[in-house]
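Thank you for making time for this. I would like to take you through one site and one residue, with the cut-offs stated as we go.

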Amino acid sequence: MTHSWLFTGPPGSGRSVAARAFAAALQCDRPGETGCGECEGCRTVMLGSHPDVTVVATNETFIRVDRARELALAAASRPAMGKWRVIIIEDADRLNEQAADALLKTLEEPPPRTVWLLCAPTLDDLIVTVRSRCRHVRLGTPPVDAVAELLIVRDGIDPAMAHYAARAAQSHIGIAKRLATNEDARGRRRRLISIPVKLSSLGAALDSAADLVEEATAGAENTSGQDASEARAELLRQLGADPHARTQPPAVRSHLRTLEDDQKRQARRRQHDTLDAALTDLSSMYRDALVLGTGAQVDPVNASELEQIRTLAKAMSSEELLGALETIALARQRLIANGAPLLVMEAMMVGLILPRARSGARG
Ligand SMILES: [Zn+2]
């Protein structure tokens, strides 16, 4: 058997679920079965509590070299209970170069009872030296109808809503469920996709950029605000420090500083993910206008917003719509490269100002 595997597929295609199911099949207790889903081995793997299965699901932008060294060390040890030692890296695209280097040897030739399962959006997201050492399994995006069916059957969602959500989420199962069950999420998406037709001036572009970043920041702080105070209390408890003391001893302060740094990084990561999802929604409007303009028989992502799609298709030529998609793709790259979110969004929105308004401003 190959010992190093790589699962790729777009967000929502179930990369990490597939990796866990694979791990469960390896640890299944029932003789002759490969993943019954019911035995102790299968269940603990799927719950994330199997002692021989390590799952690396990082909230941070990068997986650092010290973490990679820990994993290489874990990979070298024999399984304690199960048949295999399995290490799953859910975001292998976040291995930085040093971290990837630290894993090369064990990926190339793992100990006989060790299996590596790496997940990433596409092959291109991985460092070549890592990808060349793994066997590749590509997962596709499920069709919209299949995602809608899942929402109807599994979550009891009304069929019309399920179809709207599956299409708007472009088959991302998690996002589709959120859209189907959360009125606020639907409102946010409606506001977002109404941006393109409103970009008729520099002022409108800058306002839209500021709104987008503000919403993403508020979202990131909201969740981290709660976790942050809980995590702080938990850390103080572990250190045996008085949580109500006005000043903490130096050793405790240094632990608190490390915690705060981690929390800041995680909040940035969440803000980045929210913005990234917003860019996908924004792209979908230009994509729909492009499809409408070419007369291709493809369903629009935003079927409920036909009026705005028509307006956009009238206002922009095919070349201009393609240019808009490139502008958004460039913004996405800049965010990944750690560009300041507000500056990146401003540059993008200015690049998306409607062509007529642009030439009007010039003349
Ligand atoms: Zn089983």
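I will begin with the conventions, then turn to the metal site, and end with a threonine.

What you see is a predicted model, in which local features need pLDDT of at least 70 and side-chain atom pairs count only at pLDDT 80 or more, while totals for chains, interfaces and linings use all residues. Residues are numbered from 1 along each chain as its sequence is written, and side-chain values use heavy atoms, with hydrogens and water left out.

The zinc ion has as its protein donors the SG atoms of C28, C36, C39 and C42, at 2.3 to 2.4 Å; donors here are N, O and S atoms within 2.8 Å of the metal (3.2 Å for Na, K and Ca), and since water is not among the atoms, sites may look incomplete. The angles among the four donor atoms run from 105 to 116°, and the site is tetrahedral, a label given to four donors if all angles lie between 85 and 135 degrees. Along the chain, the donors are spaced as C-x7-C-x2-C-x2-C. C28 and C39 both lie in the loop between α1 (15–27) and α2 (40–47), so this pair ties together parts that are 11 residues apart in sequence; helices are DSSP runs of H or I with at least four residues, numbered from the N terminus.

C28 is buried at a relative accessible area of 0%, and C39 is buried at 6%, where buried means under 20% with a 1.4 Å probe, protein chains only.

Finally, T44 lies in helix α2 and is buried too, at 14% relative accessibility. Its side chain reaches the backbone oxygen of G41 at 3.1 Å.

Notes. Four donors count as tetrahedral if all angles lie between 85 and 135 degrees; four count as square planar and six as octahedral if opposite donors are over 155 degrees apart and all others between 65 and 115; anything else is irregular. Helices (H or I, at least four residues) and strands (E, at least two) are DSSP runs, numbered from the N terminus. Buried means under 20% relative accessible area, exposed over 50%, partly exposed in between (1.4 Å probe, protein chains only). A polar contact is a pair of N or O atoms within 3.5 Å; within protein, one must be able to donate a hydrogen and the other to accept it, and residues adjacent in sequence count only if both atoms are side-chain atoms.
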